[in-house]
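Keep the 3D view open beside you as you read.

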Amino acid sequence: SATADKPTGLKVVGHREHEVLLEWSSVARANFFVVQSKRADQPYSPLTYWEDVLANEGEPWRYTGTTAAIAGLETGVEYQFRIKAYNFHIATFDSLGVPTYLGYTGPSEVVYA
């Protein structure tokens with residue numbers, strides 16, 4: 001089921017200035033993971049405020065392992081993070097019912113930096 005495919009065990013395992021190291025448990029059917037962050041002082045909403053951690057090309061960074069070093073954080077600001085698992089073969093459907101095969105299998109729980 002889709003719920004079983006949510007990444008679990010997300011935790012902050014390291015801290016440096018402007019940077020955190022995140023770790024999570026692997027998901028059997030995930031091809032890659034996308035990390036999202038938001039400032040903790042923004043209201044919690046499943047969809048708003050969350051931003052993908054981007055690669056240089058402005059596309060979401062695709063993590064194929066289960067760790068991520070997130071840099072560029074502001075000192076003194078609390079951040080929340082979540083992980084989304086993606087699978088090339090599990091379809092999700094847009095509002096017109098068009099399938100995409102890069103469907104995500106659900107965000108993990110949220111952790112604070």
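This is a predicted model: local features need pLDDT of at least 70, side-chain atom pairs count only at pLDDT 80 or more; totals for chains, interfaces and linings use all residues.

Residues are numbered from 1 along each chain as its sequence is written, and side-chain values use heavy atoms, with hydrogens and water left out.

Begin with the open sheet, which has three strands in the order E1-E2-E5 and antiparallel pairing. Its edge strands are E1 and E5, each of which pairs on one side only. From one strand to the next, the twist averages 20°, where axes are lines fitted to C-alpha atoms and angles run from 0 to 180 degrees between N-to-C directions. Strands here are DSSP runs of at least two residues, numbered from the N terminus, and two of them pair if DSSP finds at least two bridges between them.

Now look at E2, residues 19–23. On one side, five bridges join E2 to the antiparallel strand E1, residues 11–16, and here Lys11 stands opposite Glu23 of E2. E2 also pairs in the antiparallel sense with E5, residues 67–70, over four bridges. Across that pairing, Val20 faces Ile70 of E5, while Leu22 has Ala68 as its bridge partner.

In a regular strand the side chains alternate between the two faces of the sheet. In E2, Val20 and Leu22 make up the covered face, whereas Glu19, Leu21 and Glu23 form the uncovered one.

Which residue takes a positive phi in the hairpin of E1 and E2? It is His18, with a phi near 65°, in a hairpin that has two residues between the strands. Most residues other than glycine have a negative phi. His18 counts as partly exposed because its relative accessibility is 39%, and that class lies between buried (under 20% relative accessible area) and exposed (over 50%), using a 1.4 Å probe and protein chains only.

Finally, turn to the largest pocket, with a volume of about 230 Å³. Of its 13 lining residues, Ser37, Lys38, Glu51, Leu73 and Tyr79 are the closest to its centre. A pocket is an open set of points on a 1 Å grid over the protein atoms alone, where a 1.4 Å probe fits, with protein on both sides within 12 Å along at least five of seven lines; lining residues have an atom within 4 Å of a point. The volume is the space filled by probe spheres set on the points. Strand E3 (32–39) and strand E4 (51–52) each supply at least two lining residues, and E3 gives the most, with three.
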